[in-house]
Amino acid sequence: MKKIYILIILLLLGNIVNAQWQLTDILNNKMVRCLAVSDSNVFAGVSGGVFLSVNNGTTWTAANNGITNTEVFSLAISGTNIFAGTDSNGIFLSTNNGISWSALNTGIPVNILVSSIAVSGTNIFAATIGSGMFLSTNDGISWIAINNGLTSLQIYSLAVSGTTIFAGTNNGIFLSNNNGTTWTSANNGLSAPASSIAVSGTNIFAGNYHGVFLSMDNGSSWTAVNNGLTNIDVYSIAVSGTNILAGTYNLQNCKVFLSSNNGASWTNVSTGLPNALVRCFAFNGMNVFAGVHNISDWTGQYPGAGVWKRSLSEMISISEIPTANTFAISPNPAIDKLIIDLQPLKNLQNTTLSIYDIQGKLLLQQHINQLQTELNISSFFKGIYVVKVNNENESFVSKFMKE
């Protein structure tokens, strides 16, 4: 039984060797504000225009011909059309994979920031900061304002669930079931501006500075789902199937978390990322792209800013360890010390504690004779580790992250 148990752990560990985010072509330290995927093409909206990668982020090329304002804040794809929203020159459209762009601003006020764009069938919705919501029913040729019922014209995010449009605003979330003709407040259980919204089947997720909230009744009510989030200032949320990613923000504690159980629990999957705001995510198959937006240092550069990539499958593997009985580890993530609480054990006789790295290498092993043990991990490198505790009759496993 013990050999089978160790084998399960090592098989999981084998899937996450060198498991961490990797910086793609750095885009000259450009701040990344939005991402979009069309087939095998990945588009990034940055403080320098639109960039395109046709090789999963290995290299990026500028795709700005015709864009008169290169401060791009939003991207959306509808069939062969790619829409880009800027901070003062409105919306641009490309019908040839970013080779050229044309302005689409009839009905859009000048000098506004287009913060989010969403597609619902043949309707294109554009959210702005200060002028509210706009709708186009003719592929962006013209736009009309649709603000009836909105109590805030500062709109940060959009999401589509069937025929329902969700808008995250400075006054919380609003929804429309009639293509934006009217909007109603959907804030029961949600008391803060909504910086991000994502849809997973019939579940709606919203992020704000109180954490992640889940609605399972199309926005009628919301419940906080923050178990495992060590930072609840959530800036970005994205969904791929049953997997939800949340990017959190704090000047000293920017993290990315993954949930594969509808937010019931979250795992820190930030290894490799700089301490910088992840403003957006995009999925391309089993690849996850994260757009990092950072503040400038004294040289005028943006260290860590750019597009980062990681495999979704190995992040899921990390979130699934352990697969059997567990025990408490604190703090987690840890810096130099761990406290292991072995209350689940019934018998401490001949009990051994072992720590493995993500490659399955045994790093520490010792006999223990008390239910609470403190370990010094100051010499460990940053990353994910597995702790196994066993004796002749019992076996328990848990994991921790070293920062």
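This is a predicted model: local features need pLDDT of at least 70, side-chain atom pairs count only at pLDDT 80 or more; totals for chains, interfaces and linings use all residues.
Local features require pLDDT of at least 70 and side-chain atom pairs pLDDT 80 or more, while totals for chains, interfaces and linings use all residues. Residues are numbered from 1 along each chain as its sequence is written, and side-chain values use heavy atoms, without hydrogens and water.

The whole structure holds two aromatic pairs. Rings of Phe, Tyr and Trp (its six-membered ring) pair if their centres lie within 6.5 Å; planes under 30 degrees apart are stacked, over 60 edge-to-face, the rest tilted. Phe380 and Tyr385 have ring centres 5.1 Å apart and planes at 40°, so this pair is tilted. Tyr385 and Phe400 have ring centres 5.3 Å apart and planes at 15°, so this pair is stacked. Tyr385 lies in strand S34 (residues 383-390) and Phe400 in strand S35 (residues 395-402), so the contact ties together parts 15 residues apart in sequence. Strands (E, at least two residues) are DSSP runs, numbered from the N terminus. Phe380, Tyr385 and Phe400 form one aromatic cluster. Phe380 and Tyr385 are both buried. Buried means under 20% relative accessible area, exposed over 50%, partly exposed in between (1.4 Å probe, protein chains only). Phe400 is also buried, at 2%.

Two salt bridges are present (a side-chain nitrogen of Lys or Arg within 4 Å of a carboxyl oxygen of Asp or Glu). Arg33 and Glu71 form one at 2.8 Å, N to O. Arg33 is buried at 9% relative accessible area; Glu71 is partly exposed at 25%. Glu374 and Lys337 form a salt bridge at 3.7 Å, N to O.

Methods
Helices (H or I, at least four residues) and strands (E, at least two) are DSSP runs, numbered from the N terminus.
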